[in-house]
Amino acid sequence: MDTIANFIGGQFTRPVAGRYLDNHDPATGAVYSRLPDSDTADVAAAVGAARQAFPAWSATPARERSRLLLRLADLVEANLDRLARAESIDTGKPVSLARAVDIPRAADNLRFFATAVLHTQSDFHDTDEGTPGQGGRAVNYTLRRPRGVCGLISPWNLPLYLLTWKIAPALATGNTAVAKPSEVTPMTAFLLSQLAVEAGLPPGVLNVVHGTGPGAGAAIVTHPDVPTISFTGSTATGKWIAATAGPMFKRLSLELGGKNPLLIFADADLARAIPTAVRAAFTNQGQICLCGSRVLVERTIFRQVLDGLVEGAQRLHPGDPLDPATTQGSLASRQHLDKVASYVQIARELGGTIHGGGAAPSASSLPERVRGGAFYLPTVISGLEPGCRVEQEEIFGPVVTVQPFDSDDQAITLANSTPYGLAATLFTQDATRAHRVAARLDAGIIWVNCWLLRDLRTPFGGMKQSGLGREGGAEALRFFTEPRNVCIGL
Ligand code: NAD
């Protein structure tokens, strides 16, 4: 069985207290590796190493930092098969998805920020007013400097993609980092730390500490020498981090949960809208923060869309994630499966109609290797009150609800009716309506006639309880740097 190690100061280390956690393959239920159950002592060592590496790394020319990150990106790509397999075993997602999306996009993150830092601009202001009688001309310029040690905490659904989304801008701008991947899916971060050595990243620039949220994560959040925290995960954890790190005046980026609406108007191109809605609901077993988990449909086409969704869901039968032909894998853990199933049970009790799915697949329908896995059939539910828990709370699984609407205003009210505001999608052929509705949707990203297209230059993040701050492109370069304005009197 593999034993995952922490990566601290360029060394692969055992946890100080010697404790380990089991790492499960959710598709089989088997324990396939173990990971350090790190605590404050391990985090202190990692922060110490990152602090020590900071002066040299922040003084390293951007071109050299860029070169090393590009080398790391090349190595991620060169190890595509190995990383995709590890990600599939850790998460239960189809290996085809990890191969086509997660791992290539992790390399893209590294490349994007490695090159973005070579093309930044600084602000300059020519000041022509001053104290009357004392002249008044000055020039101002704004220096942007790295902030020091960054704490980077990521979830289990897109493990390598989301970790590199934080590591790349933090390191490219000259910070050093202590990263903590989810304890549910640690393997790709471990492999990345091995590749960091191969890429020649100086010791201490990137440190990876494995362990639980309360054990290792909280120790990073509360460490006084970590002024910057970038967190992606649940809203509940985000609230705790905000309450804890706020009084310490840390800079925070919180990318949290979602309950994203997908609106289909009667004038939509249904040949495009329905398959996209199926993809938006069930890709990665519905475990993407950007999944469209509430489909809102104009009443005149409600039946047609509902039938199309149910048909689409029924075509997605879970299979062995390691089989390249599988398109629907296992949920990330048995515990998460129980949570997802409990919401379907609530929907039943509330009188919702379950259209297919609503259960785990029968053992006989699954390949023998994965009969002990955390599988759940794609499920479509209609007939619930928009204010009920199933419509309001994040389920984060292969479960989608469908609601009818009668007007643009009602569609917008329903879309904005949850505490979340991460993403929204709308399908209409009417360009005016698209702009009008998009401007009124409370979401950080609004897709029109498409879903999940991401340009890394655009700001990324949510409104309301979906988060604080924005990452992506220039926003990330700003987040990880501190402006210093220099005013020179002339
Ligand atoms: P989670 O909040 O349980 O855990 C996320 C990470 O935080 C893990 O590494 C965990 O160990 C750590 N953690 C937990 N408690 C902590 C604490 N007290 N202090 C510090 N760290 C702590 O979330 P999860 O279940 O791993 O991930 C699923 C959630 O992530 C969903 O809500 C999903 O919507 C969200 N998510 C959001 C985005 C986004 O960009 N907005 C992207 C992906 C996932």
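Modeller: Two strands pair if DSSP finds at least two bridges between them. Helices (H or I, at least four residues) and strands (E, at least two) are DSSP runs, numbered from the N terminus. This is a predicted model, in which local features need pLDDT of at least 70, side-chain atom pairs count only at pLDDT 80 or more, and totals for chains, interfaces and linings use all residues. Residues are numbered from 1 along each chain as its sequence is written, and side-chain values use heavy atoms, with hydrogens and water left out.

Biologist: Thanks! How many bridges join β4 to β5?

Modeller: Five, between residues 20–24 and residues 31–36, and the strands run antiparallel. Asn23, for instance, has Ser33 in β5 as its bridge partner. Six residues lie between the strands of this hairpin, where Gly29 takes a positive phi near 85°.

Biologist: And how do I read a helix pair?

Modeller: Two packed helices are described by the angle between their axes and the distance between the axes. Axes are lines fitted to C-alpha atoms, for helices over the stretch in contact, and angles run from 0 to 180 degrees between N-to-C directions. Here α3 (residues 80–91) packs on α6 (residues 187–199) at about 155°, with axes 8 Å apart.

Biologist: Which residues of α3 and α6 meet?

Modeller: Contact means heavy atoms within 4.5 Å. From α3 come Arg82, Leu83, Ala86, Glu87 and Asp90, which meet Met187, Thr188, Leu191, Gln194 and Leu195 in α6.

Biologist: Lastly, which residues does Thr276 touch?

Modeller: Thr276, in helix α9 (residues 270–282), touches Phe427, Cys450 and Trp451, not counting residues up to four places away in sequence.
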